[in-house]
Amino acid sequence: MVARQDLRTPAVFVLETLAVAACYYAGGRLGLLRDLTVSGAVVSPLWPPTGVAVACLLVLGLRCWAGIALGALLILVHLTSLRWTSLGVLAGNTLAPVCGYLLLRRAGFRIELSRLRDCLYLVFLGAFSAMLISSTTGALTLFTTGDLPADDFWGVWLAWWVGDAMGVLLVTPVLLVLYRARAPVHWARWKEAVGLAVIAAVLVPLATHSPGSVLFSIYPLLIWAALRFELTGSMLCALFASVMATTAATDRIGPFRHLTEVQVMINLQAFNMAMALTALLLSAVITEQHNTRRSVERACQELVEVLEHLTAGESAPARPPRHTDE
């Protein structure tokens, strides 16, 4: 049995590596469909591969780093011809999610995202801190090769960092909740979920493509999703709104029509950041309160059962003493 398991381990590792690489590459191709030009460089305002990489690491462990590196390599091959300087970008795109995973694991992160601290860990450790590695490494690589002028360094660096961070904030929670999601049991919940999806499918495109600045009208929908469906509903709604807003920004329609390139990037990333943080933190607080209430209810139920048992023992009739003849 041990020998058979040892023989199967390399095959499982290869399959996991190829699956992670395929998911990373698919996320990269989706991210490349919508890009913006910042200081002459093409950047993605939402880079899904970083979210895919962090989610895979949290679920599969550190052994899937090879799949992340392979996926990043395939993206580089798709974008440009490989040079020795491409190793810097490849190393940064691999090290950033790995460092984010190590920071999250050291902090005691739980993939259930049922505590407010877990969401804060994901925001500040997995997204904001870890993605500094990929943005700094990538921008420095472009600068040293002469592809990025010194005057445009910080603009490209900031856009790179925000795009990678948004991938973690929006994509990683969605993948984690889908990994652990359960279908609603009651028919009423299904009807409410379908109603929420229909309203979102109508309201979100209208708000993101309308010439007026009505993006704020999405927030009541996000609050409804968080209150009724917690993290699953709020993050799916936030990701859909972010994708639609990114589409409108790259097409220069709706509220992004008459803005400059820098203004488009600032407004879009401010909206995406606000959506992601609202969905994460609000749903985490609601989930934590629900878990606390369930714990109190279970404790009360156990206390009632103990009291009933004690009361039944005290009210039981005492047995008459047995007399034995000497």
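These legends describe close-up views of a predicted model.

Residues are numbered from 1 along each chain as its sequence is written. In this predicted model, local features need pLDDT of at least 70 and side-chain atom pairs count only at pLDDT 80 or more, while totals for chains, interfaces and linings use all residues, and side-chain values use heavy atoms, with hydrogens and water left out.

**View 1**
Helices (H or I, at least four residues) and strands (E, at least two) are DSSP runs, numbered from the N terminus. From that end, the order of elements is α-β-β-α-α-α-α-α-α-α-α-α. Of the 326 residues in the chain, 43% are buried. Buried means under 20% relative accessible area, exposed over 50%, and partly exposed in between, with a 1.4 Å probe and protein chains only. Contact means heavy atoms within 4.5 Å. Among contacts between residues at least 6 apart in sequence, 74% join residues at least 24 apart.

**View 2. Helix H4 crosses helix H5.**
Two packed helices are described by the angle between their axes and the distance between the axes. H4 spans residues 86–107 and H5 spans residues 116–129. Their axes come within 8 Å and cross at roughly 140°. H4 is therefore oblique to H5. Axes are lines fitted to C-alpha atoms, for helices over the stretch in contact, and angles run from 0 to 180 degrees between N-to-C directions. Angles under 35 degrees count as roughly parallel, over 145 as roughly antiparallel, 65 to 115 as roughly perpendicular and the rest as oblique. The crossing of H4 and H5 is right-handed. A crossing is left-handed if the near helix is turned anticlockwise from the far one by less than a right angle, and right-handed if clockwise. On the H4 side, Gly-100, Leu-103, Leu-104 and Ala-107 make the contact. They meet Tyr-121, Leu-122, Leu-125 and Gly-126 of H5. The residues of this contact divide into six nonpolar, two polar and no charged. Here Ala, Val, Leu, Ile, Met, Phe, Trp, Tyr, Cys and Pro count as nonpolar, Asp, Glu, Lys and Arg as charged, and the others, Gly among them, as polar.

**View 3. Helix H7 crosses helix H9.**
H7 covers residues 153–180, and H9 covers residues 219–251. The two axes come within 9 Å, with a crossing angle of roughly 140°. H7 is therefore oblique to H9. This crossing is left-handed. H7 contributes Leu-169, Leu-170, Pro-173, Val-174 and Val-177. H9 contributes Leu-231, Thr-232, Met-235, Leu-236, Ala-238, Leu-239 and Ser-242. The contact of H7 with H9 has ten nonpolar residues, two polar and no charged.

**View 4. Gly-92 and Asn-93 sit in helix H4.**
Gly-92 is buried, at 1% relative accessible area. Its C-alpha lies 9.2 Å from that of Leu-132, 40 residues away in sequence. Neighbours within four places in sequence aside, Gly-92 is in contact with Ile-133, Ser-134 and Thr-137. Asn-93 is buried, at 14% relative accessibility. With the neighbours within four places again left out, Asn-93 contacts Tyr-24, Ile-68, Ala-72, Ser-134 and Trp-160.

**View 5. Thr-246 lies in helix H9.**
Thr-246 is buried, with 5% relative accessibility. Not counting residues up to four places away in sequence, Thr-246 touches Arg-34, Pro-45, Leu-268 and Asn-272.

**View 6. Leu-113 and Glu-230 have positive phi.**
Most residues other than glycine have a negative phi. Leu-113 has a phi of about 55°. Leu-113 lies in the loop between H4 and H5 and is buried, at 1% relative accessibility. Glu-230 also has a phi of about 55°. Glu-230 is placed in helix H9.

**View 7. The cysteines form zero disulfides.**
A disulfide is a covalent bond between the sulfur atoms of two cysteines. Cys-56 is buried, at 14% relative accessibility. Cys-237 is buried, with a relative accessible area of 7%.

Definitions and conventions: A disulfide is a pair of cysteine sulfur atoms within 2.5 Å.
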